[in-house]
Amino acid sequence: MKTIILANMTLFYGNSDCVPLAAYCKAIGKQSVHLAGWTQVLYGIIGKRWEKHSKVEPYINEFWVRPYTQSVPQNANAVEGGCYW
């Protein structure tokens with residue numbers, strides 16, 4: 001498979017499958033950051049995982065939002081107890 005990356009910087013927010021993609025970007029001279037689930041925190045989107053997280057909880061305020069209900073997958077609770085929603 002041939003991949004063309006035009007961006008100088010890539011931000012990966014998925015699961016561990018993104019780690020090899022981030023490494024590939026670095027290997028071809030691009031900058032890459034893999035934040036995994038932390039990307040939610042970066043954008044102020046709260047999920048169950050972060051509600052009681054000691055490093056995140058002090059920053060949660062009325063400006064944080066939850067994912068839209070229409071964006072929650074049907075079996076969301078099957079993935080780590082629905083921690084992202």
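Buried residues have under 20% relative accessible area, exposed ones over 50%, and partly exposed ones fall in between (1.4 Å probe, protein chains only). The model shown is predicted, so local features need pLDDT of at least 70 and side-chain atom pairs count only at pLDDT 80 or more, while totals for chains, interfaces and linings use all residues. Residues are numbered from 1 along each chain as its sequence is written, and side-chain values use heavy atoms, with hydrogens and water left out.

**View A. Strand 1 and its pairing with strand 2.** Helices (H or I, at least four residues) and strands (E, at least two) are DSSP runs, numbered from the N terminus. Strand 1 spans residues 9–12, and strand 2 spans residues 31–34. The two strands run parallel and are joined by four bridges; strands pair if DSSP finds at least two bridges between them. Thr10 stands opposite Ser32 in strand 2. In a regular strand the side chains alternate between the two faces of the sheet. In strand 1, Thr10 and Phe12 form the covered face, and Met9 and Leu11 the uncovered one.

**View B. The β-α-β unit.** Strand 1, helix 1 (residues 18–27) and strand 2 make a right-handed β-α-β unit. Right-handed means that, with the strands pointing away from the viewer, the path from the first strand over the helix to the second runs clockwise.

**View C. A nonpolar surface patch.** Met9, Leu11, Val33, Leu42 and Tyr43 make a nonpolar surface patch of about 470 Å². Patches consist of residues with over 30% relative accessible area and no salt bridge; like charges are joined within 9 Å, and nonpolar side chains (Val, Leu, Ile, Met, Phe, Trp, Tyr) within 5 Å. Accessible areas come from the Shrake-Rupley method with a 1.4 Å probe, and for residues only the protein chains shown count as cover. Met9, in strand 1, counts as partly exposed because its relative accessibility is 41%.

**View D. Salt bridge between Arg49 and Glu80.** A salt bridge is a side-chain nitrogen of Lys or Arg within 4 Å of a carboxyl oxygen of Asp or Glu, and by this rule the count comes to two. The side chains of Arg49 and Glu80 meet at 2.2 Å, N to O. This pair links distant parts of the chain, with Arg49 in helix 3 (residues 48–51) and Glu80 in the segment after helix 3, 31 residues apart. Arg49 is partly exposed, at 29% relative accessible area, whereas Glu80 is exposed, at 52%.

**View E. Salt bridge between Arg66 and Glu51.** The closest N and O atoms of Arg66 and Glu51 are 2.1 Å apart. Arg66 lies in the segment after helix 3 and Glu51 in helix 3, so the pair ties together parts that are 15 residues apart in sequence. Arg66 is partly exposed at 40% relative accessibility, and Glu51 is partly exposed at 29%.

**View F. The aromatic pair Trp38 and Trp50.** A search of the whole structure finds one aromatic pair. The ring centres of Trp38 and Trp50 are 4.5 Å apart and their planes stand at 45°, so the pair is tilted. Rings of Phe, Tyr and Trp (its six-membered ring) pair if their centres lie within 6.5 Å; planes under 30 degrees apart count as stacked, over 60 as edge-to-face and the rest as tilted. Trp38 is partly exposed, with a relative accessible area of 39%, but Trp50 is buried, with 3%.
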